[in-house]
Amino acid sequence: MEVTEVTSFLAQTTPFDQLDADQRQALARQMSVYYFRAGEEVNTASQRLMIVRTGVFSLYSDQQQLLTKLQTGDFYGYQQLLTELHDKDTLLCEEDGLVYWLPAEGFDHFRYQFKNIDLFFQRLFSRRLHQYKAQSTDRFTLKISDVAKARKVSIPPDATVQEAASMMSKQRVSSLLVEHDNKLVGIITDRDLRSRVVAEALPANTLVTEVMTERPETIDLHAYLFEAVQLMSQHNIHHLPVLRDEHIFGMITATDVIRAQQDHPVYLIGEIHRQHTEEGILQCASQIEHLSRSLSSQQVPAHEASHVLTTVTDALTQSWIKLAIAELGPPPCVFSWLGFGSQARMEQGLNADQDNALLLEKEPEGAVGQYFEQLAKIVCDGLNQCGIVYCPGNIMASNPELRLSLKGWSKQFGRWIQTPTPDALLKSSIFFDLRPIYGSKSLFNALKQDILARTVDRAVFLYHLSHNALKGSPPLGFFKTFTLERDGKQKKGLDLKKRGLILITDIARIYSLSKGIPAINTRQRLIQLAQHKVMDPKDSQNLLDAFDVLAQLRWDKHQHDISQGHEASNLLDPAVLSGLQRHQLKDVFEVINQAQSHLKYRFCREL
Amino acid sequence: MFGWFKNPPMPMNDIVRQYEAISPPSPKTKLRDVNFLALDLELTGLDAKQDHIVSAGWVPIRQQEIILGESAHYLVKSPIGVGQSAVFHGVHDHQLLQGMELCELLQLLLESYPGYILVAHHAVMDLAFLTMACQRCFGRSPKFNAIDTMRVEWQRLQRKGTVLTQNALRLPNCLERHHLPEAPQHHALADAFACAQLLISQIRQYSNAEMTLAELQALSR
């Protein structure tokens, strides 16, 4: 017999709301109910899941930082149950409350039986990891102490301005702290020397105390960086003495503040667009690695990081095109620079190569052909110099076969769709994801419409496309073991791209082409496929999750490779994964397996 | 009228004896180590001599945790119609036909939970019916130990100097006062569970230090 109070609560609590009444009752029967009084500490070492029924509980990190507050319907303890690692957190009851305890056996039983429950807690777990790491690196919580160096460059008030000027140039600073008896009495800046000494024609032996700014604004070492920004803009100053416990610690300048913000991708992209020279663009490109490192250290999710990196590639491409136009003169006709593959999908990784082409208003003959041949060469060479290397398959605008008019491209796509040779199918995975990077959008849209109109419900084409996509399979063996493969250097591992990401990308593309869904980005495609009821929302969500997991693993792997001085590789050695990650990865491959069999059923039946 | 207790089987006496063989915890036992059984009976009326038990619900508390896996709810077979009281209990005659013999129910209770301290809201009533039922089924009844959450609540409010309004001690009002989830009323298991939650809340409200059974019993007077 069930206690309806408990089962009806579970019915309203994610993820248990997905269970049916009998399963919920079985779950409830595994649980016990406990009452906490405000001020009591919860024993965090118990191997049980805690479900908050009433009351408020505060979770503190081992540094006594408040991480989160748990309330009705929140969970605790899953992190230990999933990883078997003991947390050093403190969980304190803040308002009297009831909790439900679910022992480890019950938790595991339901987790293994219901994938969505498992997925829910794993996602909760990764979000929590995020929460921990976000603490120290969040841009908005940067403190003065993260930026200011303990470097005190000071001068006594009875020194002369000449001594001050010489000290500034010797120490390579733009301002000095004026110190008397270990106390800050003022500051003097290079601007003061200019406007108050030189402009006023004061002698070189004028005393610092006569021209310095007395009792300047100061900031505490433990204040937030944005408070410094506020003070600076409020008083129109560029220098702020930093105090620690009322004692002089150092100085923070407007430049320090800007430098601290430089990691922001917007900064680099803006910078790229300001470049008018080859050297300038190359200089910006050299910062990509730093940018990706900082994205990674700030725990930006992989798909957002890829988006940022693609935007940077776009900006570099655009800058090279502008540079080429400046060199070659105005183009003889309207054109559109196309990006294919991962650039088109906004899914570039760190080891992306070029996939691009030109769409022209006129036929590429005579002067028109010559002009764009030169333009393509400048841009492709430039990108290669920037680290976005030449395409080994020669899918680049510098290849004359890929500089076509609208008619030319339309014919080309028509051929691929009509007669899907193995070569055409191989290419379709690159060419059917396309996006305009520079130039005429309407020219591009004309092509895009033309392609979509040709692929919708084109059974033979979709059959071949699916057949081709199904040639690759997730690396799971018969007994749910990973099957490893070797790369050229005889390293064994799971190919996250070939045996994972690409398979999902292919599935999303085929469904999208079959119904004329215009999205290009894989995540967008999956979302729109569910919205347009082309794909079951649950399947779409599962694939989306799988895609995110793989993309994240690959991104982390690349970061790791690069930090170790290696080339970014897609081969992952499963031995480096935690038990939880391995388990998750097997789930991911299962999801792909499932989706592939759906794809087969949908498009590969006898025609 | 009392056909359902005709011919009580003789070995039934052993059931009471076995129940009594396991003595309740000593008064000095810390509450953490006391096993409780929160119990609620739904009745056809208020008189233990004339009315009878319609259904019973219980849930044990061990180590101050309510063990949901052992929560139980039984309908009792009755020789007479439930009549008017069905309005309250939502238990109708046709359901009672599928119920359990009262003696079987008592046997289950006594065999499963010897040495447990019973807990009920307004326990006098439940104990009177339980004692009477045992006498009819087994010839005699054990002396039940019980904590009355209503008495505990009354003393608690008295100590705080709260002026008691009408209904202040009814179970729903107590639950509300303790910020506990409300229970659907007049369902034996739901009420037993609510009573169990009320008890563990009351125990915590008194002190954070460990309380003994004797201290709790004093509050239940």
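**View 1. Surroundings of A:T189 in a predicted model.** A:T189 touches A:M168, A:S174, A:S175 and A:H239, leaving aside residues up to four places away in sequence. Contact means heavy atoms within 4.5 Å. A:T189 is found in strand β11 (residues 183–189) of chain A. Helices (H or I, at least four residues) and strands (E, at least two) are DSSP runs, numbered from the N terminus. A:T189 is buried, with a relative accessible area of 7%. Buried means under 20% relative accessible area, exposed over 50%, and partly exposed in between (1.4 Å probe, protein chains only). This is a predicted model: local features need pLDDT of at least 70, side-chain atom pairs count only at pLDDT 80 or more, and totals for chains, interfaces and linings use all residues. Residues are numbered from 1 along each chain as its sequence is written, chains are lettered from A and ligands numbered from 1 in the order in which they are written, and side-chain values use heavy atoms, with hydrogens and water left out.

**View 2. An open sheet of 3 strands in chain A**. The strand order is β13-β14-β15, with mixed pairing. Its edge strands are β13 (219–220) and β15 (247–253), each pairing on one side only. Two strands pair if DSSP finds at least two bridges between them. β13(A) runs parallel to strand β14 (residues 239–244) of chain A, over 2 bridges. Within β14(A), A:L243 is the bridge partner of A:D220.

**View 3. The interface of chain A and chain B**. Here 22 residues of chain A are in contact with 27 residues of chain B. The buried area is about 2000 Å², and carbon and sulfur atoms give 56% of it. Buried area is the accessible area (1.4 Å probe) that two parts lose on being put together, summed over both. The rule finds 2 salt bridges across this interface. A salt bridge is a side-chain nitrogen of Lys or Arg within 4 Å of a carboxyl oxygen of Asp or Glu. B:R204 forms a salt bridge with A:E40, with 2.6 Å between the closest N and O atoms. On chain A, the elements giving two or more residues to the side that touches chain B are α1 (4–11), α2 (21–29), β1 (32–36) and β8 (97–103). β1(A) supplies the largest share, 5 residues.

**View 4. Strand pairing between the chains, β1(A) with β3(B)**. β1(A) and strand β3 (residues 65–67) of chain B are antiparallel, joined over 2 bridges. A:S32 has B:I67 as its bridge partner in β3(B).

**View 5. A buried salt bridge, A:D433 with A:R525**. The side chains meet at 2.8 Å, N to O. The pair links distant parts of the chain, 92 residues apart. A:D433 sits in the loop between α19 (422–431) and β19 (434–439), and A:R525 in helix α23 (residues 522–531) of chain A. Both residues are buried.

View 6. A:K557 is buried at a relative accessible area of 15%. A:D561 is buried too, at 7%.

**View 7. A salt bridge in chain B, B:E70 with B:R62**. The side chains meet at 2.5 Å, N to O. B:E70 is partly exposed, with a relative accessible area of 28%. B:R62 is also partly exposed, at 25%.
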